Amino acid sequence: MSLSSIINNIPKAELHLHIEGSLTPELMWRLAKKHSVTLPYANVEEIEAAYNFEDLQSFLDLYYAGAGVLRDEEDFFTLMWEYLSRCFDDNIVHTEIMFDPQTHTERGISFDVFMAGFLRAMTKAKEEYGISSYLIMSFLRHLSEDDAFKTLEEAKPYYEHITAVGLDSSELGHPPSKFERVFKHAKSLGFKIVAHAGEEGPASYIWEAIELLDVDRIDHGVRCQEDDALMAHLKEKQIPLTVCPLSNLKLCVIDDMKEHNIIELLNAGLLVTVNSDDPTYFGGFLNDNFNALHQSLNLDEHTVRTLAANSFKASFLPENVKADFI
Ligand code: ES4
Ligand code: ZN
């Protein structure tokens with residue numbers, strides 16, 4: 001079997017995926033028409049052509065604008081259903097999905113609207129595809145800690161449907177320390193904790209996420225190699241990194257996929273996983289990320305199997321369920 005077939009056929013978990021970043025240009029176009037939202041594009045091709053980014057912020061500006069077409073429960077259902085259907089095609093059997101409530105509540109769209117749509121699609125995917133899915137509620141780090149506290153409070157009716165709390169958006173200038181109190185509170189409520197760190201930000205932000213937020217996983221973390229002591233700590237504690245190769249390329253964290261350090265991190269004994277981040281903006285879903293790594297770094301079958309096993313090891317699934325895939 002070719003490596004590409006192995007990549008396609010092996011069961012995988014995805015652990016770093018922003019649902020708003022799975023909005024296809026086609027769905028964006030359709031929903032803009034439905035709600036009479038004016039987009040700064042003449043057609044679907046122009047939307048696609050706009051996806052050229054020079055850094056994280058240039059992407060986030062488009063990503064938040066794009067999310068503006070999501071208005072009613074059906075829109076959020078369709079968004080989630082399209083992503084989970086894609087998971088079925090890619091043999092993703094479990095996925096831990098980030099959503100950004102503040103992107104919607106700031107526009108006057110309440111938890112009741114987006115959560116109803118998300119949960120309906122997740123239930124349908126379990127029934128029809130056998131796919132399990134968890135939700136990670138992410139705070140926007142360019143907003144205040146008070147705003148994050150308010151969001152955590154607003155989410156109260158949905159706590160049983162939320163597995164983890166995360167931290168995303170503009171990293172530089174918004175270190176994990178800014179959110180120490182709200183994450184302490186979230187931890188005390190029983191949520192797992194994740195945070196984007198070391199994507200554009202320095203290794204010290206990864207340390208802060210570990211020491212101040214008590215994270216269960218680091219999202220990205222690719223700048224950890226700048227600090228030997230941090231590398232040793234990540235290895236010893238087996239703190240997972242959810243790495244997103246096509247994202248790193250598209251946001252110019254690396255200049256060429258051949259430069260990606262994911263295999264070096266794996267060989268150094270770190271628990272790394274492959275993920276798609278914002279697949280429709282960055283040019284590929286999960287299997288595309290595996291294939292891009294294979295093309296540039298020549299993965300072998302053992303490495304693909306290790307990365308797939310890692311995706312379950314690093315997940316928040318119960319240990320007995322993980323065991324079936326490791
Ligand atoms: C994101 Cl790639 C990335 N980094 C930080 N925040 C994000 N939100 C959506 N995608
Ligand atoms: Zn991300």
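Colleague: What is the mean pLDDT of the chain?

Modeller: pLDDT is the predictor's confidence in each residue, from 0 to 100. Where pLDDT is low, the predicted coordinates should not be read in detail. Here the chain has a mean pLDDT of 98, and 100% of its residues reach 70 or more. In this predicted model, local features need pLDDT of at least 70, side-chain atom pairs count only at pLDDT 80 or more, and totals for chains, interfaces and linings use all residues. Residues are numbered from 1 along each chain as its sequence is written, while chains are lettered from A and ligands numbered from 1 in the order in which they are written.

Colleague: Which residues surround ligand 1?

Modeller: A residue is near a molecule if its C-beta atom, placed from the backbone, lies within 6 Å of it. Those around ligand 1 include His 18, Asp 168, His 196, Asp 277 and Asp 278.

Colleague: Which residues does the UniProt annotation "binding site" cover?

Modeller: Such annotations use the numbering used here, with shortened feature names, and may be inferred rather than shown by experiment. The unreviewed UniProt entry lists His 16, His 18, His 196 and Asp 277. They span 262 residues in sequence, yet no two of their C-alpha atoms are more than 11.8 Å apart, so they gather at one spot.

Colleague: Is His 18 buried or exposed?

Modeller: A residue is buried if 20 or more other C-beta atoms, placed from the backbone, lie within 10 Å of its own, exposed if 12 or fewer, and partly exposed in between. His 18 is buried, because it has 25 C-beta neighbours inside 10 Å. His 196, with 28 such neighbours, is buried as well.
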